[in-house]
Amino acid sequence: MNQAGDPTAYVVDDDESIRTLWRWLMESNGIAVQTFATAAEFIESYPGGNPGCLLLDLRLPGMSGLELQKYLSSRDIEIPIVFVTGHGDVPTAVSALKGGAVDFIQKPFGYLEVVSIIRKAFQRDAENREKRARRSRTAGLLAALTEREREVLQRIIAGKPNKIIAGELNISLKTVEFHRAKVMEKTGVDSVAELVQIAMQQTE
């Protein structure tokens, strides 16, 4: 039984029999699933931000799979996409991978392989969510710093000793030590190594 907040496999395929197959396959493996006949249906119904992955047929009536991928990207909607493709679409699927898709499944597909790919996409989604959450937390911590504290922080991260920082900023050694202590306090760290880690999280 899936609990609220569990990842969902969102399937977009215009073939009703294929959607039924996906629903059976997901439910028999304990995976929450929602199916849609068109990209427009998915866009209208998808509760942005929910965990999971998108199983997307390349060939769809109206907006194609690739067009939906571009649409989501243009709106910063981040969900791992696994394209489902027929044999003749493989080159297109490969280009879709370059556009950010995490994998593609070729029809006809093996059930065990598909379930494995979906679980890996769920794991990718969980990792990406944690990275975004860390970046958000870090941005909040850094936003609390004053301009002078940020100047001191940049130089601490660069490995400069307090004496050099004082000279560059034309302030006393005691003032540098004061700002350094405030930076440590506001970011909640105990070492320079942790400060460097926080700075790196902003660039991940």
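Predicted model: local features only at pLDDT ≥ 70, side-chain atom pairs only at ≥ 80, totals over all residues.
Mentor: Residues are numbered from 1 along each chain as its sequence is written, and side-chain values use heavy atoms, with hydrogens and water left out.

Trainee: Okay, strand S1 then: how many of its residues are buried?
Mentor: Buried means under 20% relative accessible area, exposed means over 50%, and partly exposed is in between (1.4 Å probe, protein chains only). Strands here are DSSP runs of E with at least two residues, helices are runs of H or I with at least four, and both are numbered from the N terminus. Thr8, Tyr10 and Val12 point one way from S1 while Ala9 and Val11 point the other way, and all are buried. S1 covers residues 8–12 and is largely enclosed by the rest of the structure, because the buried count is 5 of the 5.

Trainee: In S3, which residue is the bridge partner of Ala9?
Mentor: Two strands pair if DSSP finds at least two bridges between them. S1 pairs in the parallel sense with S2 (residues 32–36) over 5 bridges, and with S3 (residues 52–57) it also pairs in the parallel sense over 5 bridges. Over in S2, Thr8 has Ala32 as its bridge partner. In S3, the partner of Ala9 is Cys53.

Trainee: What handedness does the β-α-β unit of S1, H1 and S2 have?
Mentor: Picture the strands pointing away from you: if the path from the first strand over the helix to the second runs clockwise, the crossover is right-handed. Here the helix in the unit is H1, residues 16–28, and the unit is right-handed.

Trainee: How far apart are the end C-alpha atoms of H1?
Mentor: The expected span of a helix is 1.5 Å times one less than its number of residues. H1 has 13 residues, so it should span 18 Å, and that agrees with the distance between its end C-alpha atoms, 18 Å.

Trainee: Around the axis of H1, what arc do its buried residues cover?
Mentor: The buried ones in H1 are Ile18, Arg19, Trp22, Leu25 and Met26. They sit on the same side of H1, because the arc (taken from the directions from the helix axis to the C-beta atoms) is only 130°.

Trainee: Does Asp57 count as buried or exposed?
Mentor: Asp57 has its place in strand S3. Skipping neighbours within four places in sequence, Asp57 contacts Val12, Asp13, Asp14, Gly65, Val84 and Lys107. With a relative accessibility of 7%, Asp57 counts as buried.

Trainee: Which exposed residues sit on the face of H6 turned away from its buried side?
Mentor: In H6 (residues 147–157), the buried residues are Glu149, Val152, Leu153, Arg155 and Ile156. They cover an arc of only 165° around the axis, which puts them on the same side of H6. The face turned away carries Glu147 and Gln154.

Trainee: Last one: what is the phi of Asn170, roughly?
Mentor: Most residues other than glycine have a negative phi. Asn170 lies in the loop between H7 (162–169) and H8 (173–187), and is exposed, with a relative accessible area of 71%. Although Asn170 is not a glycine, its phi is positive, about 55°.

Technical notes. Contact = heavy atoms within 4.5 Å.
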